[in-house]
Amino acid sequence: MRTGKAGCRLLLLLFFIFFSADGRCIFPAIFNFGDSNSDTGGFWAAFPAQRPPYGMTYFKKPAGRASDGRAAIDFLAQALGLPFLSPYLQSIGSNFSHGANFATAASTVLLPNTSLFVTGISPFSLAIQLNQMKDLRRKVYEMSPPDILPSKGAFEKALYTFDIGQNDFTSKLVAIGIKGVQQYLPQVADQIAWTIKDLYDNIGGRKFMVFNLAPIGCFPAFLTLLPHNNSDLDVYGCLISYNNAVDDYNILLKETLRRIRSQLPNANVIYVDTNSVKLELSRHPRNYGLKYGTKSCCGSGGGAYNYDPLVFCGNTKEINGVNLTATACGDPQNYVSWDGIHATEAMNRIITRDVLRGSRFDPPFPLARLCDLNPID
């Protein structure tokens with residue numbers, strides 16, 4: 001059967017549109033669930049304003065990120081050709097047409113049984129973030145969406161990302177130790193899987209990425225706070241027992257996602273191993289163009305870690321009659337750690353570039369074939 005000239009021209013036109021210079025991507029939106037590692041301002045929309053020097057590198061002012069600049073979710077959005085995600089809790093200036101960010105700093109997967117003002121744990125746990133997602137979709141379907149809301153079809157086509165669980169792991173480590181924390185980690189992994197199934201069944205989500213837990217044994221804050229002796233430090237200065245416990249959880253998470261994947265036909269549930277590149281960055285920062293792997297840029301006290309738990313980044317506190325201020329270094333681009341707990345923009349950029357290459361996905365996921373990925377600056 002021959003194709004007429006008009007038909008050929010139509011096919012060429014469609015091909016040109018699909019592979020145009022503007023790029024193509026099957027994802028019209030990202031919906032993100034997480035904690036401070038991917039918060040873009042949710043926590044600071046709900047609580048008092050963030051202080052400088054946060055945001056100093058890219059935004060030149062505090063911008064709701066727990067970093068000197070952009071978070072990994074910002075770089076991911078840029079790579080997919082989307083604007084930065086507005087935090088769901090930000091009532092003024094938000095645009096949700098390309099997705100929403102439900103992450104807030106200090107959030108947990110499991111429901112907290114205490115107050116933010118007692119332990120510092122956010123009330124916006126994963127279950128609350130899921131309810132916010134459902135409320136957003138309900139409002140879209142109840143009204144003709146204005147320009148600042150996603151289209152009805154966006155929910156089925158969107159990418160759903162999860163970067164949460166660190167606070168479940170670390171918030172009680174000092175009090176109950178590794179073995180105590182490991183008792184409830186299966187609930188953490190199960191809750192993430194259950195949330196994915198809920199999004200699949202009730203929202204129409206089909207593409208999910210779940211980022212694993214970072215090697216907290218290399219973080220300046222935990223090197224300072226967690227009980228250990230020198231025999232627990234590896235040759236790179238990271239805590240062996242705590243990083244091993246993280247590895248155990250990541251194995252558990254990977255297996256839990258494998259089980260839920262079998263229940264969700266036509267879905268992609270992708271385990272994303274950012275732990276490996278974060279571990280390499282902490283151990284060998286110079287291989288990535290950085291200098292300091294286990295020392296924070298913004299902190300107080302100097303020394304090997306430059307972290308004082310009594311004086312957090314940007315704060316001033318009187319201790320023994322002396323005012324101490326946790327200030328930022330002048331070269332955050334040389335650091336892995338921004339404030340002892342969170343990554344610098346430089347680290348977030350490296351992590352995202354590494355993830356976009358595709359080798360960290362399990363099972364393999366053809367992201368580069370689904371989207372013309374933009375270079376990230």
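## Basis of the report

Buried here means under 20% relative accessible area and exposed over 50%, with partly exposed in between, for a 1.4 Å probe and protein chains only. The model is predicted, so local features need pLDDT of at least 70 and side-chain atom pairs count only at pLDDT 80 or more, while totals for chains, interfaces and linings use all residues. Residues are numbered from 1 along each chain as its sequence is written, and side-chain values use heavy atoms, with hydrogens and water left out.

## Aromatic pairs and charges over rings

A pair of aromatic rings is described by the distance of the centres and the angle of the planes. Rings of Phe, Tyr and Trp (its six-membered ring) pair if their centres lie within 6.5 Å, and planes under 30 degrees apart count as stacked, over 60 as edge-to-face and the rest as tilted. There are 18 aromatic pairs by this rule. In one of them, the ring centres of tyrosine 58 and phenylalanine 59 are 4.9 Å apart and the planes stand at 85 degrees, so the pair is edge-to-face. Phenylalanine 59 counts as partly exposed because its relative accessibility is 21%, and tyrosine 58, at 35%, is likewise partly exposed.

Tyrosine 141 and phenylalanine 155 make a tilted pair, with 6.5 Å from centre to centre and 40 degrees between the planes. Because tyrosine 141 lies in helix 5 (residues 126–142) and phenylalanine 155 in helix 6 (residues 154–157), the pair ties together parts that are 14 residues apart in sequence; helices (H or I, at least four residues) and strands (E, at least two) are DSSP runs, numbered from the N terminus. Tyrosine 141 is partly exposed at 36%, whereas phenylalanine 155 is buried at 0%. The charged end of lysine 152 sits over the ring of tyrosine 141, 5.5 Å from its centre, where the rule asks for NZ of Lys or CZ of Arg within 6 Å of the ring centre and within 35 degrees of the ring normal. Lysine 295 places its charged end over the ring of tyrosine 292, at 5.7 Å from the centre.

Helix 12 (residues 275–283) has as its buried residues Asn275, Val277, Lys278, Leu279, Leu281 and Ser282. These buried residues pack against helix 11 (240–261), strand 6 (292–296), strand 9 (335–337) and helix 13 (345–356).

Alanine 77 has its place in helix 3 and, at 0% relative accessibility, counts as buried. Leaving aside neighbours within four places in sequence, alanine 77 is in contact (heavy atoms within 4.5 Å) with Ile30, Leu82 and Pro83. The C-alpha atoms of alanine 77 and leucine 373 are separated by 9.9 Å, although these residues are 296 residues apart along the chain.

## Cavities

A cavity is a set of points, on a 1 Å grid over the protein atoms alone, where a 1.4 Å probe fits but cannot get out, and its lining residues have an atom within 4 Å of a point. The count comes to two cavities of 30 Å³ or more. The largest cavity holds about 410 Å³ of space, where a volume is the space filled by probe spheres set on the points, and grid points are joined across faces, edges and corners. Of the 35 residues that line the largest cavity, Ala72, Asp163, Lys278, Asn348 and Ile351 are the closest to its centre. Helix 13 gives the largest share of this lining, six residues.

The second largest cavity has a volume of about 50 Å³, and its lining residues include Asp35, Asp163, Phe211 and Lys278.

Note on methods. 1 Å grid on protein atoms, 1.4 Å probe; cavity = no way out; pocket = protein on both sides within 12 Å on 5 of 7 lines; lining within 4 Å.
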